[in-house]
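User: I have a structure here that I would like to go through with you. Could we take it one question at a time?

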Amino acid sequence: MTEPFLQVRDLKVHFPVRTGGILIGRYTPLKAVDGVSFDLNPGETLGVVGESGCGKSTLGRAVLQLVGATDGVVSWLGRDLTSLSKRQLIEARENLQIVFQDPLASLDPRMTAGDIIAEPLLNYRPEMTRAQRRDAVKDMMERVGLLPRMINRYPHEFSGGQCQRIGIARAMILRPKLVVCDEPVSALDVSIQAQVVNLLKSLQREFGLALLFISHDLAIVRHISDRVMVLYLGKVMELANKAALYTNPRHPYTQALLSAVPIPDPSKERNKKRILLTGDLPSPLSPPSGCVFRTRCPKATQMCADKTPSLDTVEMGHIVACHLWNEQ
Amino acid sequence: MSDAPISGGRSKANLSVPHSAALNKAAEVEGRSLWQDAFRRLQANRAAMASAIVLIVLAVICFAGPLFVPWSYEEIDWDILEAAPPDFEKGHYLGTDSLGRDLLARILQGGQVSFQVGILATAVALVIGVSVGAMAGFIGGRVDQFLMRFVDVMYAVPLMFFIIILMVVFGRNFYLMFLAIGFVEWLTMSRIVRGQTLTLKNKEFIEAARASGGSTANIIIRHIVPNVLGVVIVYVTLTIPQVILLESFLSFLGLGVQPPMTSWGALIAEGAQEMEITPRTLILPAVCLSTTLFCFNFLGDGLRDALDPKDR
Amino acid sequence: MSSVLEIDQLTVAFDTPDGTVEAVTDVTLSVEAGECLGLVGESGSGKSQTFMAAMGLLADNGRATGQIRLDGIDLLSANEAKLNTLRGDRIAMIFQDPMTSLTPHMRIGRQLAEVIIEHKNVSKVEARAQALEMLKRVHIPEPERRLDMYPHELSGGLRQRVMIAMALMCEPEVIIADEPTTALDVTVQAQILDVLMEVKDSLGTAIVLITHDLGVVAGLADRVAVMYGGRLVEQGGVSDIFEQPSHPYTQGLLKCTPRLDTDFEALVTIPGQPPNLQNLPPGCSFHPRCPYVFDRCKTDRPKLIEIPGGRSKACHLDTLEAAAQ
């Protein structure tokens with residue numbers, strides 16, 4: 001069993017939000033990520049799911065230190081990224097890349113596809129000549145399914161799916177070891193989503209990458225992940241192998257999420273028993289005491305308000321943060 | 001599944017085969033950049049194109065014209081020594097001013113000065129404004145606070161006084177004038193660039209550039225500057241007429257260029273004094289000045305429409 | 001059951017600097033009272049523009065030809081004044097992003113009341129009472145309090161409920177919901193779909209559900225129409241379409257939609273790109289991506305023909321099952 005590449009321990013990302021005070025501001029921390037821990041092994045895909053406000057995007061960026069961590073450790077290949085200097089961080093980024101959600105917005109509209117994909121090479125392989133860079137870019141374009149002769153085209157001349165391929169080519173050109181995928185297919189048509197997901201999987205296999213796959217779409221996550229982590233209001237609710245999570249979810253939130261996903265089958269969809277959550281998402285500025293999910297949980301008890309559940313082990317590799325996971 | 005070709009784009013690429021030489025040789029398709037799109041839109045705007053042409057013609061006339069005019073702008077025609085109507089035989093195509101100098105030559109000279117001051121002063125404002133604005137906007141934090149407070153303080157200073165004092169202290173040096181004007185105009189430019197940079201800073205492609213290992217300087221030069229250029233171009237086109245007007249005003253007050261050098265503002269000042277006797281000496285430079293200002297403004301508007309951010 | 005909304009040979013074209021683009025070509029659809037029609041398609045399918053034309057909300061450079069009859073009144077030939085009396089009163093629309101559809105500086109109660117005051121000439125007090133009633137109908141918690149709130153004070157799910165309430169104010173015959181849950185979380189989506197289902201059942205309002213999400217359609221729609229490249233490719237009852245699609249595109253969409261209830265590892269894809277409306281392939285627009293393509297498909301555009309079971313399709317194949325062999 002290889003050493004985990006990435007070990008995140010108790011990561012917290014709090015944004016101070018001004019909530020009052022006339023002359024001297026009063027700040028309340030917005031707890032976007034509030035104590036998340038997980039490991040990631042080489043060549044593995046960890047899916048991170050949750051709804052809006054759960055902190056999954058912030059988590060992805062915090063792992064790469066594109067957003068600073070308030071507390072906690074992000075240990076990458078043995079080094080704590082949170083304590084690196086700016087220069088060391090830039091060095092480390094060679095192996096840590098990201099694919100963004102909005103395909104068009106993540107590309108500089110004034111640069112050609114070739115320039116965009118070549119930028120990491122400019123930064124990390126200064127010894128390459130212009131011709132060598134161009135060859136590398138064309139090679140990468142082919143691998144992601146783009147026609148190499150489109151190298152001089154601008155982002156607005158490509159479709160959404162093609163733009164996302166450009167983004168993927170840019171992320172992969174340095175053969176990084178870890179790629180964070182932040183909702184990479186959410187903005188794409190369904191038929192293109194499938195293509196891009198397959199592309200990511202093949203590239204992962206070919207380059208031996210680890211992927212941190214962030215998405216709100218539980219069905220897509222199921223196709224690409226080995227393990228899945230469910231977040232709510234910045235905290236981990238459940239983390240398990242794919243099979244375990246989807247067939248035997250223990251956390252009420254995971255159960256509600258899974259039941260809410262519409263199935264493209266009329267008889268199944270209309271007859272399925274849905275667990276409907278009550279209430280609204282609480283504000284991350286004032287999360288509920290105890291278990292943060294208790295205000296919407298159909299099974300909540302008084303204990304859930306008094307005590308924050310710690311992460312219990314259901315079985316090997318399956319942890320859940322709920323007082324009641326064992327009561328069915 | 002693992003060996004199935006991935007299709008997308010318009011080709012089916014097999015991942016296990018490295019790039020082939022044949023593909024390398026395929027002709028690369030030229031892209032259509034956003035600048036080209038904008039230029040196309042600009043060309044469709046007739047007012048803007050007409051203005052551009054008028055400006056170019058005016059500039060050419062002002063700079064090349066003196067070669068064809070027999071008199072220079074400072075030469076006094078001792079035979080006349082007063083404002084006289086146009087006389088083609090003597091070579092005074094537009095007549096003379098009150099001191100007997102050829103009006104056409106002076107108008108051309110005035111045009112040269114106005115254009116030069118307009119462009120050079122704006123260039124000074126451009127360089128300082130873009131640098132300060134981009135740095136303040138991108139680096140943020142204390143650098144931003146410091147720079148912007150400095151700009152705020154400068155705004156509070158009555159700029160006319162500032163220029164007048166400079167002129168008085170250092171004398172009416174031609175180069176000093178456009179430095180002074182440039183130094184005053186960069187303030188707004190920096191605010192505009194800073195605003196634009198702030199918007200850009202939060203865009204995903206900037207984040208992507210950071211993730212690709214870009215340093216701050218790298219990102220500013222490669223990504224921020226090209227993307228603020230649109231706004232800057234529009235603002236530059238609208239600043240030039242303001243500068244020309246400012247210089248005209250200074251000259252009108254008697255603080256601009258030193259005689260016998262002249263600018264349109266100075267000519268207007270002179271002409272205003274004899275408005276009732278020879279309106280020609282006022283009207284002609286005034287028409288030139290107004291036309292130039294109109295054209296720059298139309299062009300600026302056209303550029304703004306052409307570079308509409310909605311299409312970015 | 002009579003048709004509440006009939007679309008007849010609708011074509012929507014846009015004048016662009018690069019020429020005329022047809023976003024919708026020759027679409028004929030109908031919606032019956034009390035039923036939900038699911039309109040499915042991806043980008044470039046024309047599904048949204050079809051109903052933007054019905055509501056008279058096309059962009060300035062768009063032109064619609066054909067007929068769209070709401071209870072016999074042709075919407076396309078109606079003038080602006082007539083359209084204004086119909087819109088909001090007998091036909092209403094819900095959009096994808098509730099934040100941009102609600103006026104940010106007006107309180108919710110007032111926005112809701114305006115709708116009914118405009119059309120039904122009731123007093124402000126009555127209008128407010130009706131607004132409260134509608135908020136209760138869409139199950140907004142603490143409705144009295146919400147009436148006096150501003151849109152930005154509500155969450156995305158609540159705002160979408162307000163949009164639905166606003167659409168219901170005058171009890172229209174048909175509501176057009178254009179991607180109503182795409183921007184919402186999946187748990188909130190489930191709640192909104194429930195509300196829409198209830199509206200359909202209890203009020204008998206016809207609903208046109210425009211979406212790209214087959215799961216959403218499966219749960220709510222009675223009939224389904226599939227669009228591709230601006231044209232209708234298939235139409236039929238929801239069970240028929242899902243269990244036995246008759247068009248390769250529908251089949252492809254069903255196969256490539258990831259689902260929770262099946263076990264397969266791999267995602268099947270539809271190769272190629274969504275069509276470029278300015279440069280549609282000759283013959284059948286789908287032929288470059290179709291696994292069953294044959295020669296006729298490349299030259300001859302298939303017309304929409306009726307097949308047994310109240311369905312129609314636009315494909316040269318006899319049946320998909322035969323082609324699969």
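User: In which loop of chain C is the place of Asn121(C)?

Analyst: Happy to start there. This is a predicted model, in which local features need pLDDT of at least 70, side-chain atom pairs count only at pLDDT 80 or more, and totals for chains, interfaces and linings use all residues. Residues are numbered from 1 along each chain as its sequence is written, while chains are lettered from A and ligands numbered from 1 in the order in which they are written. Helices (DSSP runs of H or I, at least four residues) and strands (runs of E, at least two) are numbered from the N terminus, and Asn121(C) sits in the loop between helix 4 (108-120) and helix 5 (124-137) of chain C.

User: Is Asn121(C) buried or exposed, and why?

Analyst: A residue is buried if 20 or more other C-beta atoms, placed from the backbone, lie within 10 Å of its own, exposed if 12 or fewer, and partly exposed in between. Asn121(C) has 9 C-beta neighbours inside 10 Å, so Asn121(C) counts as exposed.

User: What is the phi of Asp71(C)?

Analyst: Most residues other than glycine have a negative phi. Asp71(C) lies in the loop between strand 4 (62-70) and strand 5 (73-74) of chain C, and is partly exposed because 15 other C-beta atoms are within 10 Å. Although Asp71(C) is not a glycine, its phi is positive, at about 55°.

User: With which residues is Val216(C) in contact, leaving aside its neighbours within four places in sequence?

Analyst: Val216(C) lies in helix 9 (residues 214-220) of chain C, and counts as buried because it has 26 C-beta neighbours inside 10 Å. Contact means that the C-beta atoms of two residues, placed from the backbone, lie within 7 Å. With those neighbours left aside, the residues in contact with Val216(C) are Pro262(A), Thr181(C), Leu193(C) and Thr211(C).

User: Which helix gives the largest share of the side of domain 1 of chain C that touches domain 2 of chain C?

Analyst: Chain C is divided into domain 1 (3-90 + 170-324) and domain 2 (102-169), with bounds from an automatic or database domain assignment. Their contact takes 15 residues from domain 1 of chain C and 15 residues from domain 2 of chain C. On the domain 1 side, the largest share is 6 residues, and it comes from helix 8 (residues 186-203) of chain C.

User: How many residues in the contact of helix 4 of chain B with helix 7 of chain B are nonpolar?

Analyst: Helix 4 (residues 103-139) of chain B and helix 7 (residues 174-201) of chain B pack at about 35°, with axes 5 Å apart; axes are lines fitted to C-alpha atoms over the stretch in contact, and angles run from 0 to 180 degrees between N-to-C directions. Ala, Val, Leu, Ile, Met, Phe, Trp, Tyr, Cys and Pro count as nonpolar, Asp, Glu, Lys and Arg as charged, and the others, Gly among them, as polar. The contact of helix 4 of chain B with helix 7 of chain B has 4 charged and 7 polar residues, and its nonpolar residues number 22.

User: What radius of gyration does chain B have?

Analyst: Chain B has 11 helices and 2 strands, and its C-alpha atoms fill a box of roughly 100 × 45 × 30 Å along the principal axes. The radius of gyration is taken over C-alpha atoms, and the globule rule is 2.2 Å times the number of residues to the power 0.38. A compact globule of 312 residues would be near 20 Å, but chain B has 26 Å.
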